[in-house]
Structure formats: structure tokens, C-alpha cells
Amino acid sequence: PQGPAEVLHTFDDTELWPEGIAVDPATGDLYLGSFYRRKIVRLKPDGTVEDFGSSAKDGLQSVVGIWVDAVGRELWAATGDQPTPDSEPEPGELVRYDLETGALLARYPGPRDGRPQLINDVTVGSDGTAYVTESLGGRIFRVAAGSEELEVFQEYPVLGFINGIAISGDGSTLYFAHVEGLSALDLETGETTRVLARDGVFLGLGDGLSWAGDGLVVVQNQAQLNFRVIHVGLDDSGREAIATTVLPGGVPGGLLPFTSAVNGSDVFVIATSDFALLDRGEVPPAPAVVRIPLPL
């Protein structure tokens with residue numbers, strides 16, 4: 001890493017446990033999904049933090065990935081609770097809000113098929129189609145533009161824990177992260193290929209995934225990779241990583257980077273405690289947002 005990241009904001013609520021982050025390029029507002037409080041909060045450029053719309057009262061499951069559709073002026077959130085061994089699997093849910101009013105517009109429950117599921121991250125194409133990763137079953141769901149149903153779009157049973165998801169700048173390719181690396185799905189043909197890396201660079205163990213410039217920002221929040229955030233420059237085909245840069249690190253002590261949002265030359269990363277502390281009932285250090293410049 002080249003120097004420390006800038007701590008943009010530290011939250012007073014240590015039990016917010018934010019996991020997802022999104023940015024509205026029109027206002028600079030940042031939105032964060034709370035895994036523990038089961039709501040969405042808005043962080044304004046002046047540092048003001050407020051609950052977003054009706055999200056705190058809507059009976060949401062744990063909020064994981066979120067996405068701002070800047071064109072449609074909507075906010076989408078992937079929600080779901082971790083399944084427990086002794087209970088019937090409960091489907092997660094994708095929810096859609098009006099970005100201006102904060103009103104809940106629609107709810108899209110996952111299929112009740114008896115399979116454990118974790119609806120994890122979401123992105124929206126220029127045509128309004130939402131794509132969602134389901135990590136436990138290796139599936140990608142979608143809500144097609146104009147549809148009222150969250151449907152299974154693709155399945156990858158041999159891939160480990162599909163997580164972050166992003167669409168290329170030209171809208172042609174859907175990228176998703178998993179344990180083994182990154183994969184690219186051609187949205188016209190339906191063909192899926194692995195993104196190749198040069199010089200032995202490891203692209204796996206990604207959590208958050210964002211499109212940035214000519215490539216992807218990947219948050220690899222694993223100890224084996226020093227909890228790093230990387231920018232992966234892609235070739236013209238979008239299927240080969242030709243330049244990988246480790247971005248500045250230095251999130252506050254006791255926190256891990258989870259997901260990112262890109263606005264121009266800035267990468268905003270949410271830094272949260274290890275979720276194992278939540279399972280043990282321990283008081284975590286305060287979560288924070290850090291800002292990292294892109295090497296563009």
C-alpha cells in the first residue's frame with residue numbers, strides 16, 4: 001500500500017455494524033447498510049448521519065449490499081439473516097426505495113425452496129435490471145426491468161461463496177467475486193469466463209467489488225492478503241487483469257475493510273469490526289468510512 005487511507009468519518013454507534021456502502025454521485029451522500037440495526041443510514045458530506053427514509057421501521061432483515069441507481073433515483077438493498085442449523089431456511093429479500101423520499105417502493109423475497117440462502121450484494125444495470133448474489137448456493141438472482149419477481153438468473157455450484165458484484169462501464173459484462181477469483185458474465189450471450197491474472201496476482205477472496213475507470217476495485221478482507229484493497233486494470237476484452245495496484249490501506253485499528261463505492265477518483269470503503277465479535281456479544285470499536293484515491 002502507498003500511504004494511509006484518509007478516515008472520512010467515524011460513527012458514534014459502535015453497534016451499527018455496516019457492511020454495504022453506496023454513493024450518490026449527484027449529492028455526494030453515502031449510504032450504509034446496517035447488519036445489526038437492520039436499517040440504512042445516510043452520511044452527508046457535512047458529516048451528518050441520519051436514518052434513511054422508513055428503513056428503520058420496515059422490518060428489514062440484516063442489510064448487506066446496497067446500491068444507488070443514480071439514473072432511476074432509487075436505492076436497492078440486499079437483506080438476509082444468516083441461517084441457523086436448527087431452523088427452516090428463510091429466504092432473503094431485495095428491497096427498493098425511492099432515493100429522494102426514502103419511501104419503500106417494493107420488496108422482492110428470495111425463493112422459498114428449502115435451500116439455505118444469503119442474499120449478499122446487489123448492482124443495477126442501465127436498463128434498471130437488478131442483479132443479486134446469493135452466496136451460500138452459488139447463485140445470481142435478478143429482478144428484470146419491469147418485473148416484480150426475484151428470479152434465479154445463473155447458478156455456479158462449484159464456485160465458493162459468490163460475493164461482490166459489479167457491471168462494466170459499458171454495461172455489457174457482469175463481474176462477480178468468489179473465493180477462487182473473479183468471473184465475468186457476458187449479459188448478451190450468457191457466457192461466463194474467469195478473469196485471468198498476470199504475474200501470479202491472486203484475485204480471489206474478494207468481498208466488495210466496484211467498477212472503476214478501466215477495471216475493478218476488489219476488497220480482499222482476509223488475513224492471508226493483509227486485508228487489502230486492490231485496483232485491477234483490465235485489457236480491452238475485460239477478461240484479463242493486466243495491472244494490479246494495492247491501494248493505500250490503514251483502516252483504524254480493530255476494523256476490517258468490507259465493501260467499496262466509487263465516485264470519480266475516490267474510493268469509499270466501509271471499515272467494520274470482525275463479525276465474530278457480534279457472534280460473541282462483544283462491544284466492537286466504532287465503524288468508519290475511509291476515502292482512498294484511485295490511481296487513474
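Student: Which residue in E20 stands opposite Ser210?

Tutor: The model is predicted: local features need pLDDT of at least 70, side-chain atom pairs count only at pLDDT 80 or more, and totals for chains, interfaces and linings use all residues. Numbering starts from 1 along each chain as its sequence is written, and side-chain values use heavy atoms, leaving out hydrogens and water. Strands are DSSP runs (E, at least two residues), numbered from the N terminus. In E20, Ser210 faces Val217.

Student: How many bridges pair E19 with E20?

Tutor: Strands pair if DSSP finds at least two bridges between them. E19 covers residues 209-212 and E20 covers 215-220. They pair in the antiparallel sense, and the bridges number four.

Student: In the hairpin of E19 and E20, which residue takes a positive phi?

Tutor: Two residues lie between the strands of this hairpin. The phi there is near 65°, and the residue is Gly213.

Student: What is the bridge partner of Phe176 in E16?

Tutor: E15 (residues 173-178) and E16 (residues 181-186) run antiparallel, joined by six bridges. The partner of Phe176 in E16 is Ser183.

Student: Is Arg42 buried or exposed?

Tutor: Arg42 lies in strand E4, residues 39-43. Buried means under 20% relative accessible area, exposed over 50%, partly exposed in between (1.4 Å probe, protein chains only). Arg42 has 15%, so it counts as buried.

Student: Which side chain makes a polar contact of 3.2 Å with that of Arg42?

Tutor: A polar contact is a pair of N or O atoms within 3.5 Å; within protein, one must be able to donate a hydrogen and the other to accept it, and residues adjacent in sequence count only if both atoms are side-chain atoms. For Arg42, the partner is Tyr31.

Student: What is the relative accessibility of Arg73?

Tutor: Arg73 sits in the loop between E6 (63-69) and E7 (74-79). Its phi is positive, near 55°, in a residue other than glycine. Arg73 counts as partly exposed because its relative accessibility is 21%.
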